[in-house]
Amino acid sequence: MTSAANPTVPRRLSTERIADTAVHALVTEALLTPKPGLVDASGRHCHPDMSVALLAASAEALRDPLRQCADAARSMPLGLDLRARIGAIGRAGERRMLATTDGVNTHRGALWALGLLSAGLAAAENTSDALTFVGQLARMPDPARILSHSPSHGEDARIRYGAGGAVGEAQQGFPHIVKHGLPMLRTCRRRGEATDAAALNALMAVMATLDDTCVLHRGGLRGLDFVHRSAVGVLRSGGCATPAGQRRLDRFCRQAHRRCLSMGGSADLLAATLFLDAVMPTEGG
């Protein structure tokens, strides 16, 4: 892997471009419609405290923290000092997000994922090495982490159900992006499917296998099984570019709303999938 601190390495990606692309991916994910269990252009669904406009404002608030993550990885070697710096940037970014949203947690998980990926791409500038970098960085302890902090809903679900959660996903190098989200997105694009249909199919591919702690928090294991089966059903019906797949997706949306489920972890990974695809489009065809 290329050293993040080697000044002789030519840089194709500016840290500003990395951050801009990450913010654009967050807004694109928010606007994508219809999405089961998530805010989209058709409404707030099971998130009465959120809207597309609020998600867009939250994404914009994260532009500078994401750039700072990339700057840190470009100027510091991989190690505990960098891990501490990324942690400090993330906590400050979360405060900025919450100030923008009046305390609504819109993008905590996305900040974690996209902050790490921004750092990885700034250091490595190719997807494979970036994900290796991210996994190594995420496995390092944050020396400033306050152990007595109140656990989030996702952390509660991770402990209760033994799910990997956002932390485990990052520590493994984001396998649901690498094995499910990106391959589906790029396969659909090669087939000539519309951009939104390809993104929705990528979301279904992630939902079909992810142990989403947001779902576990609201719906437990039965809710998670419902999400997995429903997402698989959409894809087996032909995917979101076909009439049959669209009908299954609409039913999935209605049922998720009735169950008041939120697939927030899947949304974060879709945004990260769109981000990696946009930054490194030539790697996947």
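**A helical chain, from contacts to pockets**

Let me start with contacts, meaning heavy atoms within 4.5 Å. In the protein chain, residues 24 or more positions apart account for 73% of the contacts with a separation of 6 or more.

Now, the ground rules. This is a predicted model, where local features need pLDDT of at least 70, side-chain atom pairs count only at pLDDT 80 or more, and totals for chains, interfaces and linings use all residues. Residues are numbered from 1 along each chain as its sequence is written, and side-chain values use heavy atoms, with hydrogens and water left out.

Next, the fold. The protein chain has 13 helices and 0 strands. Both are DSSP runs, numbered from the N terminus: helices are H or I with at least four residues, strands are E with at least two.

What share of the 285 residues is buried? The figure is 51%. Buried means under 20% relative accessible area, exposed over 50%, and partly exposed in between, with a 1.4 Å probe and protein chains only.

On to the core. A nonpolar core is a set of buried Ala, Val, Leu, Ile, Met, Phe, Trp, Tyr and Cys residues joined through side-chain atoms within 4.5 Å. The largest one has 77 residues. Those touching the most other members include Leu117, Phe174 and Phe275. Helix H5, residues 108–124, gives this core its largest share, 11 residues. Look at phenylalanine 275. Its contacts include Ile18, Ala22, Leu114 and Leu121, leaving out residues up to four places away in sequence. There is also a second, separate core of 7 residues, with Val52 and Leu54 among them.

Now the cysteines. A disulfide is a pair of cysteine sulfur atoms within 2.5 Å. By this rule, the count is 0 disulfides. Cysteine 188 is in none; the nearest cysteine sulfur, that of cysteine 240, is 8.3 Å away. Is cysteine 188 buried or exposed? Cysteine 188 is buried, with a relative accessible area of 0%. Cysteine 260 is partly exposed, at 38%.

Last, a pocket. On a 1 Å grid over the protein atoms alone, a pocket is an open set of points where a 1.4 Å probe fits, with protein on both sides within 12 Å along at least five of seven lines; lining residues have an atom within 4 Å of a point. Of the 16 residues that line the second largest pocket, those closest to its centre include Leu185, Arg189 and Asp277. Helices H1 (15–31) and H9 (175–190) are among the elements giving two or more residues to that lining.
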